[in-house]
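This report looks at how one chain packs. It covers a helix, its surroundings, the cores and the strands.

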Amino acid sequence: MYVNAKEMLCEALKEHYAVAQININNLEWTKAVLLTSEELKSPIILGVSEGAGKYMGGFKVVKEMVVSMIESLGIKVPVALHLDHGTYEGAKKCLEAGFSSIMFDGSHYSIDENIKLTKELVEESHKMNVSIEAEVGAIGGEEDGVKAKGEHANPEECKLIADLGIDFLAAGIGNIHGKYPDDWEGLSFDTLAKVKEKVGNMPLVLHGGTGIPEDMIKKAIDLGVSKINVNTECQLSFASATRKYFEEKKDLVGKGYDPRKILAPGYEAIKETVKEKLTLFGSINKA
């Protein structure tokens, strides 16, 4: 069921669980996430970065693939297709392509410019029944070549952005993309609580879900985080399973060189990783 993300996240906020955004990179990724979500009766958000969209042939191709796969696989759980860390131009393109949800990341702009551009996109997306996420306080690490330290969002600025009518908010609380360094200081729950106090009953988003300790994940959900993004962990499990396939020289046995056989272990590894995340986030049987 192809939907925007607003209703599923409002329900998650009310029931104290989080919906996973699993970033997709190809057909195998998409199929693995959809079938696992359907099996576990969990709502799901498929995240697409601008780089991944380009890699897969363009946003229109991705949208058509996802919608067709939902139909052909008989997926009944709610599925949102969401632009991850979109530029202003990228957000516009995803609206044109038929995405059901977008994120505009204006965190690197001044707050005034962030407000101006976010407001424009809120109006456009809501006219098309598309949900929209915005960001305050740059998420650390690297996403499609854009690097930032893990900032702590200004709660007053979060309120200014939330008041524009966005559907959910990503606020930096020390989280980063990719692997977490050994000297990482952890999530700032003090910042999270202050942001929640300012934005009220709005679902919050935690980017960089890979590598955050489980107790921190659960506490963040208790404090109002309703969407958690996962990408790196699926990439790592896919890479590990694929590496093992070649190390065991299975590509040299029979028709082991068939790309479908080569990708199969990675596909199964993604499914297992997604199962772990849906269990941790508490979204199983919530569809």
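## Helix H5 and its surroundings

The buried residues of H5 pack against helix H3 (50–55), helix H4 (59–72), strand E3 (79–84), strand E4 (101–104) and helix H6 (111–127). Contact means heavy atoms within 4.5 Å. Helices (H or I, at least four residues) and strands (E, at least two) are DSSP runs, numbered from the N terminus. The model is predicted: local features need pLDDT of at least 70, side-chain atom pairs count only at pLDDT 80 or more, and totals for chains, interfaces and linings use all residues. Residues are numbered from 1 along each chain as its sequence is written, and side-chain values use heavy atoms, with hydrogens and water left out.

H5 spans residues 88–97. Its buried residues are Tyr 88, Gly 90, Ala 91, Cys 94, Leu 95 and Ala 97. Buried means under 20% relative accessible area, with a 1.4 Å probe and protein chains only. Gly 98 follows H5, with a positive phi near 100°.

Gly 86 sits in the loop between E3 and H5. Its relative accessibility is 1%, so Gly 86 counts as buried. Leaving aside neighbours within four places in sequence, Gly 86 touches Glu 50, Met 103, Phe 104 and Asp 105. Its C-alpha atom lies 9.7 Å from that of Glu 133, 47 residues apart along the chain.

## Nonpolar cores

The largest nonpolar core has 73 residues. Such a core is a set of buried Ala, Val, Leu, Ile, Met, Phe, Trp, Tyr and Cys residues joined through side-chain atoms within 4.5 Å. Val 48, Phe 99, Leu 169 and Leu 206 have the most contacts inside it. A second, separate core of twelve residues includes Ala 5, Val 19, Ile 45 and Phe 168.

Beyond its neighbours within four places in sequence, Phe 99 has contacts that include Tyr 2, Val 48, Phe 59, Leu 81 and Val 130.

## Strand E10

Six of the six residues of E10 (residues 225–230) are buried, so the strand is largely enclosed by the rest of the structure. Two strands pair if DSSP finds at least two bridges between them. E1 (residues 19–23) pairs with E10 in the parallel sense over four bridges. Here Val 19 stands opposite Lys 227. E9 (residues 204–206) also pairs with E10 in the parallel sense, over three bridges. There Leu 204 stands opposite Val 225.

Definitions and conventions. Buried < 20%, exposed > 50% of the residue type's maximum accessible area, 1.4 Å probe, protein only.
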